[in-house]
Amino acid sequence: MIGRLNIDSFWAVIPAGGSGTRLWPLSRSTAPKFLRDLTGSGRSLLQETYDRLTPLVDDRFLVVTGAAHEEAVLEQLPGLAGGGVLAEPTPRDSMAAIGLAAAVLERRDPDAVMGSFAADHVITRAKKFTEAVHTAAAVAREGWLVTIGIQPTFASSAYGYIHQAGPLEGHQGVGLVDSFVEKPSAEVAQGYLASGGYRWNAGMFVVRPTVLLDLLADADPGFAARLRSIAAEPETIAEVWPTLPKIALDNAVAEPAAAAGKVAVVPAEFGWDDVGDFDSLATLLDAALTVDSEGPTVLGDRHLVKAVESSGLVVPNSGRVIAVIGLEDIVVVDTPDAVLVTTRERAQQVKQLVVGLQKDGAVDLT
């Protein structure tokens, strides 16, 4: 049982990046999915992430986002004004973003433990999430890099996996990680599910800032040194940032640290979804929203959708009426300057369409 929710010296780091291309045209590079309300709650995914973590950290937040989104982030989370947002000049992937936050916290709070939680994920069963974070923070204080592993509910080939090698001595229920596995084939994922030794990798890491930077320094001392130099002299970020490697934290630190026996996993059973495409969004909304037994799921004003013998997902986002007749598992997203029509089965291919628009120079649409 957890008594006090707030965790001493615990900081929430929220990487808020990416453009969510598989959710185009709802998500754009100028207004990515973490700034959107995708659950019908009236709060954006970023705001929901903030709300979920506030009881654990109070005001100890660092949101790392692109310079182009800094103003929008502060508009949605005005409490972060005065040092709560770190603006990246350009995208350099998760190691640079989370590493910069670690370097800042290393100087700001010597007792800090940080937890990195993406801005664009949906989590249910808040009590289970809180319990997992409390456990992860306690283990991280002992010098471990800790990840929170999600109990798989199906054999997904869209997620990476964490393999638990055995129990971590002295911590009931916590495991020792020996490897991180990239997105497998459907057949391999089925084997993972059957074995019971694998968890979904949601990219949630809890660690002391110095431990993270020292693990990075083991593989790339120059990378760690440059992050620390930016934290010491923030005015140099424009000059130093472009020299940083573009690499994910998983590849830069988690994988080699797991091979060296330095990573622990806290198994968790809360609901989790990274809202990767319109098919997963439809599944999420079907479970979360009160919908009619017949007709498509609607994200937005249901009065704008007229459906006859149809199913799927409809997003009315332009104020126009959308009529759908005799179509199964359709996806219709209506925005003022673009309309997407596809099926749930082909939802992953939306990214290909966006790439084509970018090649055509239609930057105003992407």
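**Contacts, sheet and pockets in the predicted model**

Beyond its neighbours within four places in sequence, Gln 76 is in contact with Phe 34, Leu 35, Ser 44, Leu 46 and Gln 47, where contact means heavy atoms within 4.5 Å. The model is predicted: local features need pLDDT of at least 70, side-chain atom pairs count only at pLDDT 80 or more, and totals for chains, interfaces and linings use all residues. Residues are numbered from 1 along each chain as its sequence is written, and side-chain values use heavy atoms, with hydrogens and water left out.

Gln 76 belongs to helix α2 (residues 70-76); helices (H or I, at least four residues) and strands (E, at least two) are DSSP runs numbered from the N terminus. A polar contact of 2.5 Å links the side chains of Gln 76 and Ser 44. Such a contact is a pair of N or O atoms within 3.5 Å; within protein, one must be able to donate a hydrogen and the other to accept it, and residues adjacent in sequence count only if both atoms are side-chain atoms.

Two backbone features were noted. Most residues other than glycine have a negative phi, and most peptide bonds are trans. Asp 93, which is not a glycine, has a positive phi of about 75°, and is placed in helix α3 (residues 93-108). The peptide bond from Trp 24 to Pro 25 is cis, with omega near 5°; Pro 25 lies in the loop between β1 (10-16) and α1 (45-57).

An open sheet of four strands has the order β12-β14-β16-β17 and mixed pairing, two strands being paired if DSSP finds at least two bridges between them. Its edge strands, β12 (297-298) and β17 (339-343), each pair on one side only. Strands β16 (residues 330-334) and β17 run antiparallel and are joined by five bridges; Val 332 has Val 341 in β17 as its bridge partner. Helix α10 (residues 278-288) lies across β12, β14 (312-316), β16 and β17, at about 95° to β14. Axes are lines fitted to C-alpha atoms, for helices over the stretch in contact, and angles run from 0 to 180 degrees between N-to-C directions.

The UniProt record, an unreviewed entry, assigns "domain: Nucleotidyl transferase" to residues 12-284. This span is 39% helix and 22% strand, with its end C-alpha atoms 25 Å apart. The UniProt annotation "domain: MannoseP isomerase/GMP-like beta-helix", also from an unreviewed entry, covers residues 307-355. There the chain is 12% helix and 43% strand, and the end C-alpha atoms are 31 Å apart. UniProt positions are given in the numbering used here, feature names are shortened, and annotations may be inferred rather than shown by experiment.

The second largest pocket has a volume of about 220 Å³. On a 1 Å grid over the protein atoms alone, a pocket is an open set of points with protein on both sides within 12 Å along at least five of seven lines, a cavity is a set where a 1.4 Å probe fits but cannot get out, and lining residues have an atom within 4 Å of a point. Grid points are joined across faces, edges and corners, and a volume is the space filled by probe spheres set on the points. Helix α4 (126-140) and strand β10 (263-268) each supply at least two lining residues of this pocket, with α4 giving the most, four residues.
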